[in-house]
Amino acid sequence: MDLVALKEALAQREQPAFRLGQVWAWAARGAGGYAEMTDLPRALREELEHAVPFWRLEVERESRARDGTLKLLMRTADERPIEAVLMRFGDGRRSICLSSQSGCPLTCRFCATGSMRFGRNLSVSEMLEQALALRQRSGGGALSNAVFMGMGEPMLNLENVLEVCRRLPDLGITHRRIAVSTVGWIPGIEQLAQSDMPVRLALSLHAPDEALRTELMPVNERFPLADVLAACRDFYARRHRRVFVEYVMLAGVNDRYEQALQLARILDHEAFTVNLIPYNPTDGAFQGSSRGAIDAFRGALEAQGVRATVRLTRGREIDAACGQLAVSA
C-alpha cells in the first residue's frame, strides 16, 4: 500500500494517528487486505479499500527455480518494471533481494540491469511491497535477511532505502541482517556511515586497479577506486562493521593470480571481506571463471590474510541470480 496516501486518507477521515500503525502492523504480520484488520471499524476498512488500494504493485510474472528461488516481475502504477527475488538456503535462511530503482542509471558492463532504460527511484511503499509480495507468494514463512542488490543503485535513493530498513524488523529482518550494496557512490557511503542504522555495506568492486575498473564500471571515472576504498575504511572506523567486497569472476578479465595479489594489497585486512561471485550469464560478452580459477583466486587472497568466500548461486535458471535482473520497460 502507499503509506503516504494512507496517512492522508486517515487524516481526511479524522482518524486517530495510531490507525496508520495498526494498518502497517497487520500488513507486516501478513494480512492480505483491509478486510482482515478486525481492530479497525468495518466502515473504515471498506472506505480504505476504495481510497487506498492495499496492493499497488501488479505482479506480472512469477518464476520459480528448482532450488526454491522465487522471482517476481512487478509493475508500478505508472508502468515501471521491477524485479525482486526470494532465495532459500539449506540452513533455513529465506533472504530477499530488493530493487531500489526501476532500471539503473549506472551502466556496469557485466550487469544486465545496466542495459535497461532507467525509470526512476522507488518509493518506500514500493520497496516494502516487494518484500510483502515475496513473503506472501512464497507461502508466508518468516524472512531472515534482506539485501538491496536488485535493480538500481541504492545510494541514489538512500533516504527511502533507510526508511525501508527501519520497517523491515517488523517483518522479522533485523538491521544487522540487512545489506546495502553500492558501486562506490561516495556521498551515499558517507551518509550511511553517519546514519543511525546498523546495516551492512557491500561494495561492488570487481577490479583491483583503476583502469580495469573504469572499463567495467564507468562510475569509477567519477569516484576513483582509491577514494571509494578510503570512504569504506571510514565506514568501518565509524561503525565497526566489515565491508563486503563483491567481486564477480570474469574469465580472462579479472581472475588472474597476479590480480588476486593486487586485490589483497589494496584491501585493509581488518575492514574488508571479499565475496567472490561466479558470473551469471547475461547477453553480454563475458564468460564466467571456472571453478578451479575461483578456488585459486580465493586461495591466493587467503594466503595474503584476506578473508574470502564464494557466493552460493541461486536462481540462475530463471535469470534471478546476481547481475541478471533486467526487463524491458
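Predicted model: local features only at pLDDT ≥ 70, side-chain atom pairs only at ≥ 80, totals over all residues.
Me: Which residue of strand 6 is the bridge partner of A146?
Reply: Strand 5, residues 145–148, runs parallel to strand 6, and three bridges join them. The chain passes from strand 5 to strand 6 through helix 5, residues 158–167, in a right-handed β-α-β crossover. Within this pairing, the partner of A146 in strand 6 is I178.

Me: Which residue of strand 7 is the bridge partner of V180?
Reply: Strand 6 also pairs in the parallel sense with strand 7, residues 200–204, over four bridges. Together with helix 6, residues 186–194, these two strands make a right-handed β-α-β unit. The bridge partner of V180 in strand 7 is L201.

Me: What is the orientation of helix 2 to helix 4?
Reply: The axes of helix 2, residues 18–29, and helix 4, residues 124–137, come within 9 Å and cross at roughly 40 degrees. Because angles under 35 degrees count as roughly parallel and those from 65 to 115 as roughly perpendicular, helix 2 is classed relative to helix 4 as oblique.

Me: How many charged residues does the contact of helix 2 with helix 4 have?
Reply: Helix 2 contributes W24, A27, A28 and R29, while helix 4 contributes L128, L132 and R135. By class, the contact has five nonpolar residues and no polar ones, and the number of charged residues is two.

Note on methods. Residues numbered from 1 in each chain as written. Heavy atoms only, no water. Pairing = 2+ DSSP bridges. Right-handed = clockwise from strand over helix to strand, strands pointing away. Axes fitted to C-alpha atoms, helices over the stretch in contact; angles between N-to-C directions. Parallel < 35°, antiparallel > 145°, perpendicular 65-115°, else oblique. Contact = heavy atoms within 4.5 Å. Nonpolar A, V, L, I, M, F, W, Y, C, P; charged D, E, K, R; others polar.
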